[in-house]
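Here's a quick briefing for anyone meeting this structure for the first time. Have a look at the model, then read on for the main points.

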Amino acid sequence: MAAPTGTYDAPFGRMLTAMVTPFTSDGAVDYETARRLATYLVDEQRNDGLVVSGTTGESPTTTDEEKERLLRAVVEAVGDRATVVAGAGTNDTHHSVELARAAERAGAHGLLLVTPYYSKPPQEGIYRHFCTVADATALPAMLYDIPGRSGVPIQRETLTRLAGHERIVAVKDAKADLFEGSQVIASTGLAYYSGDDTLNLPWLSVGAVGCVSVIGHVAGAEIAAMIETYRSGDVAGALAVHRRLLPVVSGIMMQAGGAIMAKAALSLVGQPAGPTRPPLVEATDEQLARLREDLITGGVKLSDEVVT
C-alpha cells in the first residue's frame, strides 16, 4: 500500500507522532480509543504520519497479537490520509522479521526498525539485522538510531552501507550528533527525521525532512507549522515557534519519560489514553502540576475537564 503522505524526499510525510497505545482501566489495549486518538492526531493535530507500537506506544509490554490489532485499527481510522508506520524492531532478528511481515499484512505503509538493544551487537551484526528485516517485506523502512536506549549507535559507515538497500530509506535520529547526521545526509539518499523533540528545529537546519515527535500528541499542529515555515525560508518564524514550544518539550520530555507524560498531557487536553503498563507508572501529582503549567505557558489549550 502506497504511503498517502509520502514524497520523494520525505517518504513517510513530514510531521509524525510516535503514538501512545491507549489502555483500559484494567490494562487491556483499547482499540476504539486508539481509533479516536489516531483521528484526533491526524485531523486536529495535523500529523501526516503516525508511528504505531514504538517505545512511546509501550511496545515492550504489548503482545504481537495486540500490535497487529492495534495497527489494523489505526490503518482503518486514518490510513487513507496519513502514513502509518509500524514499529517492528526488536533485539531478535527472527522476531523482527515476523513483526515486519505481520505489519505488512495489517496494511502498514512502512516500518520503524530500532537498533537491536541490550545485546550490543557489533556493527556487522547491526548491518545484517537491518538488511534481513528489510528483505522480509516490500515496505520501506526507517532506521531508529537511539544509543541511549539500545546501548550502541549505528555508526556513519554502517548507515552509509545500509543506504544501499533499496527499502532502507530513512533514519529517525535520537543520537543528537548533528555533525555526523549532516555527513550521512550529504553522502547518501537517506531521509533524516528528528527523533528528539529538543532538536526538531536544529535537525531541520542541517537537512532533516521532518520529525517523529512525542509532544506532537498535543503540539503537532505547531510543529507542522514550524516545518512549513522553515521550509518556506522564514527561519525567524520557525525559531519563534521553536521557542514557544520549549515549555511543552520540557514538561513532557524532561520529567518521567515520553509514554507517561504524553498520556498525562493527553488527559489534560481531554483526550483519554488510559494508564500505562508496568513497569511504567503514572505521573505524580507534582509532575502533573508542572506539566499543566508548562503546557499553558507553551500555548496548549487545556480541557476544562481532565479525562483519564
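Before we start, one cut-off is handy: a residue is called buried when its relative accessible area is under 20%, exposed when it is over 50%, and partly exposed in between. Keep in mind that what you're looking at is a predicted model. The protein chain has 308 residues, and its radius of gyration of 18 Å agrees with the value near 19 Å that a compact globule would have.

**Overall build**

- Going by secondary structure, the protein chain comes to 13 helices and eight strands.
- If you box in the C-alpha atoms along the principal axes, you get roughly 50 × 45 × 35 Å.
- Take the contacts between residues at least 6 apart in sequence: 72% of them join residues at least 24 apart.

**Inside**

- Of the 308 residues in the protein chain, 56% count as buried.
- As a bit of background, nonpolar side chains tend to be buried together in soluble globular proteins.
- Here, the largest nonpolar core has 85 residues, and the members that touch the most others are L71, V78, V218, V248, I252 and L295.
- Another core lies apart from that one; it has 17 residues, among them F12, V85, M142 and I146.
- To zoom in on V78, set aside its neighbours within four places in sequence: V78 is then in contact with A38, T39, V42, L50 and V84.

**Outside**

- The protein chain exposes about 12,600 Å², with carbon and sulfur atoms supplying 51% of that area.
- As for charge, there are 26 positive and 37 negative side chains in the protein chain. The centres of these two sets lie 3 Å apart.

- Start with R128, which you'll find in helix α4, spanning residues 123–135. Buried or exposed: which is R128? R128 counts as exposed, because its relative accessibility is 55% and the cut-off for exposed is over 50%.
- R128 and L162 sit 34 residues apart in sequence, and their C-alpha atoms are 9.2 Å apart in space.
- Next up is G148, part of helix α5, which covers residues 147–150. With a relative accessible area of 76%, G148 is exposed too.
- G148 and Y117 are 31 residues apart along the sequence, while in space they are 9.8 Å apart, C-alpha to C-alpha.

Conventions:
Residues are numbered from 1 along each chain as its sequence is written. This is a predicted model: local features need pLDDT of at least 70, side-chain atom pairs count only at pLDDT 80 or more; totals for chains, interfaces and linings use all residues. Side-chain values use heavy atoms; hydrogens and water are left out. Helices (H or I, at least four residues) and strands (E, at least two) are DSSP runs, numbered from the N terminus. The radius of gyration is taken over C-alpha atoms; the globule rule is 2.2 Å times the number of residues to the power 0.38. Buried means under 20% relative accessible area, exposed over 50%, partly exposed in between (1.4 Å probe, protein chains only). Contact means heavy atoms within 4.5 Å. Accessible areas come from the Shrake-Rupley method with a 1.4 Å probe; for residues, only the protein chains shown count as cover. Lys and Arg count as positive and Asp and Glu as negative; His and the chain ends are not counted. The place of a charge is taken as NZ of Lys, CZ of Arg, CG of Asp or CD of Glu. A nonpolar core is a set of buried Ala, Val, Leu, Ile, Met, Phe, Trp, Tyr and Cys residues joined through side-chain atoms within 4.5 Å.
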